[in-house]
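The sequence and the model are shown first.

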Amino acid sequence: MATAVREREAIPAAAPAGEPVFRARGLAKTYRMGEVEVPALQAVDLDLAAGEFVVLLGPSGSGKSTLLNILGGLDAPTSGSVRFLDHELTRADEEELTRYRREHVGFVFQFYNLIPSLTARENVELVTELSERPMDPAEALRLVGLGERLDHFPAQLSGGEQQRVAIARAVAKRPDVLLCDEPTGALDFETGKLVLEVLERVNRELGTTTVIITHNAAIAGMADRVLRLRSGRIVEERRNAARAAPADLEW
Amino acid sequence: MSPLDRKLLRDLAHLWGQMTAVALVVTCGVGMFVTLRSMHRYLQKTQAGYYEQYRFAEVFAQLKRAPLPVASRIAALPEVAAAEPRIVMDVLLDVPGLPEPATGRLVSIPRDRRPALNDLHLRRGRWIAGRDEALVSEAFARANRLEIGDTVGAVIHGRWQRLRIVGLALSPEYIYEIRGAGDVFPDNHRFGVIWMAYGDLAAAFDLEGAFNDLVLTLAPGASESAVLGRLDRELARYGGVGAYGREDHVSHRFVSDEIAETRVTSVVIPAIFLGVTAFLLHIVMSRLVATQRDQIAVLKAFGYSDSAVGGHFLKLALAPALAGAAAGSAVGLWFAVGLARVYARFYQFPVLRYEPEPGIVGLAVLIGGGAALFGAWDAARRAMALPPAEAMRPEAPARFHKGWLERLAGPGLASPETRILLRNLERRPWKSLLSVLGVALAGAIVVLGWYAFDAIQYMKNVQFRAVQREDVTVVLREPSSSAVRHALAGLPGVLRVEPFRMVAARLRNGHRSYRTTLQGIDPRGELRRVVDRGFRRHDLPPDGVLLTARLAERLDVRPGDRLTVEVLEGARPVREVMVAGVADEMIGMSAYLELGDLNRLMREGGTVSGAWLAVDPPARDDLYARLKRLPAVAGVGVREAALRGFESTIAESFRLSISTLIGFACVISFGVIYNGARIALSERGRELASLRILGFSRAEVASMLLGEQALLTLAALPLGASLGFAVCALLAFRFESDLFRLPLAVSAQTYLYAFLTVAASALASGLAVRRRLDRLDLVEVLKTRE
């Protein structure tokens, strides 16, 4: 399977740090809910640089998840274009999007979405198996501080531990971009900080471009850049002079 | 409409695929129930009414010849209510358009009144009035396209006579119109009953003032066995061959067996379908309660009572069951009409109009609803017991472990995909087992459906290829010297003659006895063999008698035991013989001896009753023409013709019911597998969507879900085959009667068809689920908790 995927490879590997990874222009997304049309995104322009740590802030319904899903190849915009490196995502078909997610994107979700029938290590292996140059699953789990819990099933792990397994699973294939949708949304304060520390460490040590969406403004302090969305538009863009350590965040 | 009921309708619409599958299975089960139950009631009522209205006799006796006053004396016995002396004779008939001779059973009736017993139902035409006028059985007339006013030729006591048909009739004595024990299926072309005036027959057979057949009814409270014994003693010196009651009356026996059979099948087969219904609803409703935990919580939080919530889920289960019951009742009543038409081909009843009974439909709806409630009860109970606060929280994550299946698969096989699959199976072993059982049951029913074809095919092969190898059977009017074989050999086209001897006798072992025919066969014969259900040929033992297994059971004897033989013909000797062997034959309760042994037992020289002939095909019609006019010949059987008759009657008549069963089996098969796959999709949709997001392709994700279903189906195949064989064995055992036994012969083809049906159902279900899997909304899944 891996060979077949490699032969059909269409997208080149990661860009050097600082180079643009994503270039979105005029993105718009409209959902049809029965009779009415609901605009979720309107005329969004966005560039993401390699290695950048970006936080998307906004209340629910502001369009941040829609934007993340389009970047992750889970959803297609109604109009506009998204370029990932040299590749136009908006023109990709289902098969190409699957390959794109498989090779370049790591996802972390609010509700972890682990496979309950697989242990921590096996959940990571599930992804490294698909990957060309993966980390050792055990190493990925050590990276998130779970080196001792390799053979535990999700049901035997706390929420924070489950989320860290999800992060290990996302980063183990060395993705070009890590997309996190409310990664601390289901966690308490202490556990949430622990997870953020792991994300910060991955970004720092592996140089993975990281996008986190949250409605928790306090998290913005740890980002290189903060984008605030409202009603489907980017209403504010801010660069932090220095990234705060997750441990220093308070909310 | 209350909001809860509106939710019910929406849920039904949402689950329409699974609900339709449930409704279809109920339709099949209820349809079968209504059809078979209706037929049971219909046959039972028709038989009872017919017997009563037409005064069907209770005791029957055949003899050689007795003067009429003997009958009057018997009729005057206090144990006897009524008696009717008759003349009954088999003759050869020349039927226009039929090359081979047919056998006509001439039965005497009074010209000036209706018979006191075994009255006729005059279907068309009029009662006999003049000389040589005859009433012909309707089935025989229909098969041979005989009309009122037509004539048939008959050799009556050596004289060629033409009988004029004045009416078509039915008799309670010949509802199942076959020659006698040994025949299994009616052949209306070549056997028919003809009623003629007593005077005509008495004159023709030199029986003036005499009779050779007596039927009677018993006075209230009289003991049948006492009357049988009395009759045997009275009639012995008039050549009585043994009196018997209704239990041993061939037609009565066949009809009664069929009635008993419909009763059993009307319970067994619907029970399987309704069991599957309960199983399907159990799975569907359990899953529904699990996914609607939060809704249950909200309902309860806002004040809906536990019973309202439980009732809501029970109603949801009742909906497809009642819809299925309604459809099944309609289908069942419709099939009943078709089946009544099939029965009309086999059973000659005067009332053929089948009237649906509303009570059966009511019962069917109750049973269908009951199965639904039974299946949904557990889920509804859980919904009722769920405390609202707990219901608000998601269900605890499923616990998994590494199980034995995985260790069995070994480290080499254990990719994460394999592990997911195996651990899912092992997490709920009972559910996996039930799914396997459900699919296996579906396969078993397919096997059962095709087995009916196999059994008929097998019977045909054994009977017409292995047992009967002659072309023509000739039965002589009187036992004759073995020199008759030379006369037969001289007939046109005859290549080989093998004589046989048939003797009426009562076999006795202690208090057990059975009236049958001793068959003397040439042990080196080629044209007739004893072949058992396993297709094994049994050589005739040189000393002693070979019994069919059923007869040996009835008499409770084993090889080596001794039997008393009371011969009911000629000098009526009583002898001891040894049971030399038992053959598990399919048809009848026969006793075989070597021809020479039987002659010695009878203290007669080389006497024969008839012969089997091998005939050169081109000369066949010449031979038939000669046989039709030979006075010494009482009956002629033609194997090819019998085979054709078998094929046209049986194959056509059974096709409807067997095809129906097979169709229903396919529905079960699809219902079970489709539901299993849909539930699996519902339970694991979120997990599979996560895998899709992680970069697994549609095909990979589908193979993970469908792999599990495939594995379950695969495991079900051998179980289904064994279960199918067991059900066939049960059926063969159930169908075992004195008249015939069903062979337990399930062909490889039947298993193949069952495999293909199950595989096709699995494939269709897989495709349906795959389509849903492809449309899985990845974004939506991430927004919701389990």
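## A residue and its contacts

Leaving aside residues up to four places away in sequence, B:Ile668 touches B:Val25, B:Cys28, B:Phe273, B:Val276, B:Ala442 and B:Ile445. Two residues are in contact here if their C-beta atoms, placed from the backbone, lie within 7 Å.

The model is a predicted one: local features need pLDDT of at least 70, side-chain atom pairs count only at pLDDT 80 or more, and totals for chains, interfaces and linings use all residues. Residues are numbered from 1 along each chain as its sequence is written, while chains are lettered from A and ligands numbered from 1 in the order in which they are written.

## The nonpolar core

B:Ile668 is among the residues with the most contacts inside the largest nonpolar core, together with A:Ile167, A:Ala168, A:Val211 and B:Val25. This core has 313 residues, and its largest share, 18 residues, comes from helix 19 of chain B. A nonpolar core is a set of buried Ala, Val, Leu, Ile, Met, Phe, Trp, Tyr and Cys residues joined through C-beta atoms within 7 Å. A residue is buried if 20 or more other C-beta atoms lie within 10 Å of its own, exposed if 12 or fewer, and partly exposed in between, with C-beta atoms placed from the backbone. Helices (H or I, at least four residues) and strands (E, at least two) are DSSP runs, numbered from the N terminus.

## Where the chains meet

In the contact between the chains, 19 residues of chain B meet 24 residues of chain A. On the chain B side, helix 13 (416–427), helix 19 (639–693) and helix 22 (778–783) each supply at least two residues. Helix 13 of chain B gives the most to this side, with five residues.

## Helix 2 of chain B

Helix 2 of chain B covers residues 16–53. Its 38 residues should span 56 Å at 1.5 Å a residue, and the end C-alpha atoms are 53 Å apart, which agrees. The expected span is 1.5 Å times one less than the number of residues. Of these 38 residues, 28 are buried, so helix 2 of chain B is largely enclosed by the rest of the structure. Just after this helix, B:Arg55 takes a positive phi of about 55°.

## Two arginines in loops

B:Arg572 is in the loop between strand 18 (562–567) and strand 19 (574–583) of chain B, and has a positive phi near 50°. It counts as partly exposed because it has 15 C-beta neighbours inside 10 Å.

B:Arg603 lies in the loop between helix 17 (595–601) and strand 21 (607–615) of chain B. Its phi is positive, about 55°, although B:Arg603 is not a glycine. With 11 C-beta neighbours inside 10 Å, B:Arg603 counts as exposed.
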